[in-house]
Amino acid sequence: MEVGIVGLPYSGKSTLFRALTENKVPVKEKEINSGAAMVPDERVDALAKALNSKKVVYASINVVDMPGVDPKDRKSTSALLEGTRSVDALIHVVRAFENDLVPHPLGRLDPVEDATVLDIELVFADMEMAEKRLQSKKLPEEEKLLLQKAQTVLESERLLCYSEMEEAEMEMLRKMGFVTARPQIYVLNVDESVEEGLVEEFSDFAKNNARPFLVVDAELEAEIASLDPMDRQAFLEEYGIEKPAVVRLAQAVYDLLGLQSFLTAGEKESRAWTIRKGATAFEAAGVIHSDIARGFIRAEVVDWQDLIRVGGWKEAHQAGLVRLEKKDYVIREGDVLYFRFHV
Ligand SMILES: Nc1nc2c(ncn2[C@@H]2O[C@H](COP(=O)(O)OP(=O)(O)O)[C@@H](O)[C@H]2O)c(=O)[nH]1
Ligand SMILES: [Mg+2]
């Protein structure tokens with residue numbers, strides 16, 4: 001899974017990227033930065049402790065930090081498109097902090113207006129792409145009709161994803177690289193001096209636009225993310241942050257894209273994996289390895305809390321807590337799976 005961070009220049013995109021990737025990826029200002037964000041998961045930690053796992057592996061999300069879209073410099077949008085080709089969703093960062101050292105590119109603080117300006121820039125970028133594609137000589141009729149339909153939406157200054165386009169059409173447009181065919185999550189980047197009215201106004205705006213919305217202090221979270229993991233919790237608590245941005249954002253992305261996690265646990269490692277909601281045990285096996293899916297016999301399934309309570313697989317079997325499920329079993333959030341397979 002991959003998400004792309006978009007926004008106006010100096011909204012805090014790279015700062016959020018640093019927070020999400022724990023400052024482990026060097027950031028270049030005018031380039032596309034890409035790296036993995038590990039999603040801390042207390043269930044995995046607890047499983048690893050209970051089962052003495054040698055390794056802990058969290059689910060990860062690939063994050064792409066895009067150069068800022070400058071409304072005064074249209075050329076930058078083509079660079080942006082390059083980075084968004086493969087992403088499943090966009091994190092739309094909106095500036096809500098004052099900082100005299102880094103002036104706002106439009107010289108004022110107005111998150112709602114900024115979000116609207118950026119959306120229009122994305123619409124322009126997609127219009128350009130639609131025009132370019134329509135110029136191609138050997139365009140199949142079906143594709144031409146789809147592109148014209150997309151053009152009509154874009155010309156009315158609407159984003160493809162929030163229009164009457166159907167999901168199958170959207171899927172094709174995403175494959176072609178249209179940036180507005182990707183769903184968005186707003187991140188309002190605040191600092192501690194932000195006025196409540198500003199947050200409320202933006203919250204209403206997000207609701208009206210049917211987009212999930214998080215308030216993040218990116219700079220503070222980037223600083224906390226550079227601390228030793230053991231020290232982070234205390235700082236988060238001190239600043240009244242219940243969960244780090246990466247956890248909140250991952251949850252929002254999962255909800256937005258209809259994803260969930262399943263777990264595996266043993267002596268070797270305890271681990272969280274990402275899968276779509278409604279996925280079967282067979283699909284889960286395939287996420288781990290194609291051989292496990294191919295040779296699938298049965299999945300042993302136990303709830304993570306049950307497994308921790310009894311202390312291991314053997315004990316869980318003895319207590320009758322482990323179910324044997326077939327290929328078509330539908331995975332539930334919190335399931336710990338062990339696959340029996342034969343290749
Ligand atoms: N005061 C303040 N400064 C911030 C905050 N977030 C980012 N900045 C600063 O704003 C500048 C631009 O941030 P950056 O992440 O590079 O923005 P980008 O252009 O969107 O990638 C940097 O100097 C950051 O330190 C914030 O919440 N408060
Ligand atoms: Mg940047």
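Into which domains is the chain divided? I noted domain 1 (2–40 + 58–255) and domain 2 (278–341); such bounds come from an automatic or database domain assignment. The centres of domain 1 and domain 2, taken over C-alpha atoms, are separated by 36 Å.

**Ground rules.** This is a predicted model, in which local features need pLDDT of at least 70 and side-chain atom pairs count only at pLDDT 80 or more, while totals for chains, interfaces and linings use all residues. Residues are numbered from 1 along each chain as its sequence is written, and chains are lettered from A and ligands numbered from 1 in the order in which they are written.

**Ligand 1.** I looked up the shell around ligand 1 and found 17 residues, the closest being Gly12, Lys13, Ser14, Thr15 and Phe97. A residue counts here if its C-beta atom, placed from the backbone, lies within 6 Å of the molecule. Helix 1 (13–20) and helix 8 (218–225) are the elements that give two or more residues to this shell. Helices (H or I, at least four residues) and strands (E, at least two) are DSSP runs, numbered from the N terminus. The largest share, 3 residues, comes from helix 1. By class I noted 5 nonpolar, 8 polar and 4 charged residues in the shell. Ala, Val, Leu, Ile, Met, Phe, Trp, Tyr, Cys and Pro count as nonpolar, Asp, Glu, Lys and Arg as charged, and the others, Gly among them, as polar.

**Helix 1.** How many residues of helix 1 are buried? I found 8 of the 8 buried, so helix 1 is largely enclosed by the rest of the structure. Buried means 20 or more other C-beta atoms within 10 Å of the residue's own, exposed means 12 or fewer, and partly exposed is in between, with C-beta atoms placed from the backbone. The buried residues include Lys13, Ser14 and Thr15. After helix 1 comes Glu22, with a positive phi near 55°.

**Positive phi in two loops.** Most residues other than glycine have a negative phi. Asn23, in the loop between helix 1 and strand 2 (33–39), has a positive phi near 60°. I put Asn23 down as partly exposed because it has 16 C-beta neighbours inside 10 Å. Asn52 sits in the loop between helix 2 (42–51) and strand 3 (55–57), and its phi is positive, about 55°. Asn52 is exposed, since 11 other C-beta atoms lie within 10 Å.

**Helix 7 and helix 4.** The 13 residues of helix 7 (residues 196–208) should span 18 Å at 1.5 Å a residue, and the end C-alpha atoms are 19 Å apart, which agrees. The expected span is 1.5 Å times one less than the number of residues. Helix 4 (residues 111–134) packs against helix 7 at an angle of about 35°, with the axes 9 Å apart. Axes are lines fitted to C-alpha atoms, for helices over the stretch in contact, and angles run from 0 to 180 degrees between N-to-C directions. Pro111, Val112 and Ala115 of helix 4 meet Leu198, Glu201, Phe202 and Phe205 of helix 7; contact means C-beta atoms, placed from the backbone, within 7 Å. I noted 6 nonpolar, no polar and 1 charged residue in this contact.

**Last look: Lys72.** Is Lys72 buried or exposed? Lys72 counts as exposed because it has 8 C-beta neighbours inside 10 Å. Lys72 is in the loop between strand 4 (59–65) and helix 3 (76–84).

Terms used. Contact = placed C-beta atoms within 7 Å.
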